[in-house]
Amino acid sequence: MSQLYQQRLAKLKRELSIEVTKRKKKKKKFTPNQQIMINFINNVTKNATFYIKDMKIILRKGHTGAGFQHILEKHYCNECPGRITLSDILNMDLIIQRGLKLNSVGVSNPDNIVINYKNRDKEHNIILKSENENELVVSFYSID
């Protein structure tokens, strides 16, 4: 596990802890899918697995090139290209639900599924890799 990943994960956990405290004070709960992401971030579960449109979506730790480690190392910092925030990570399921499936133009592996969601001035991009029937694995997430 890279030192950069460990540092960014620690930062994410600190931000998450602050958000949990804020929501407790306001008596505002997280959605079930947000709680799945929280459990994954806090190493309660090995993967974040949720169901969207009869599809099983899995986020694994992965490595520098794909998965959660890639997302944190490459896109979770203020000066990173494709910068994402804690809120973006917690609401990844909404991007997949609301986003449009694009054709595979510009994707190195045409078997991957590209989900694009535009919200105001942000353009969210998630790449899902088909692993088994009705099972997709998150390999990339960034915002332009």
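Hi everyone. Two strands count as paired here if DSSP finds at least two bridges between them. Keep that in mind as we look at this model, which is a predicted one.

Let's start with the sheet. It is open and has six strands, in the order β1-β2-β6-β5-β4-β3, and the pairing is mixed. If that word is new to you, strands of a sheet pair through backbone hydrogen bonds, either parallel or antiparallel. Which strands sit at the edges? They are β1, residues 48-52, and β3, residues 100-102, and each of them pairs on one side only. Going from one strand to the next, the twist averages 35°.

Now zoom in on one pair. Strand β2, residues 55-59, runs parallel to strand β6, residues 135-143, and three bridges join them.

Next, two helices. Helix α2, residues 32-41, lies across β1 and β2, at about 160° to β1. Helix α3, residues 68-75, lies across β2 and β6, and its angle to β6 is about 0°.

Last stop: the largest pocket, which holds about 180 Å³ of space. Its lining includes S87, D88, Y117 and H124. Which of the elements gives the largest share? That is α5, with three residues. And what classes of residue line the pocket? There are three nonpolar, four polar and four charged residues.

Methods
Residues are numbered from 1 along each chain as its sequence is written. This is a predicted model: local features need pLDDT of at least 70, side-chain atom pairs count only at pLDDT 80 or more; totals for chains, interfaces and linings use all residues. Side-chain values use heavy atoms; hydrogens and water are left out. Helices (H or I, at least four residues) and strands (E, at least two) are DSSP runs, numbered from the N terminus. Axes are lines fitted to C-alpha atoms, for helices over the stretch in contact, and angles run from 0 to 180 degrees between N-to-C directions. Contact means heavy atoms within 4.5 Å. On a 1 Å grid over the protein atoms alone, a cavity is a set of points where a 1.4 Å probe fits but cannot get out, and a pocket is an open set with protein on both sides within 12 Å along at least five of seven lines; lining residues have an atom within 4 Å of a point. Grid points are joined across faces, edges and corners, and a volume is the space filled by probe spheres set on the points. Ala, Val, Leu, Ile, Met, Phe, Trp, Tyr, Cys and Pro count as nonpolar, Asp, Glu, Lys and Arg as charged, and the others, Gly among them, as polar.
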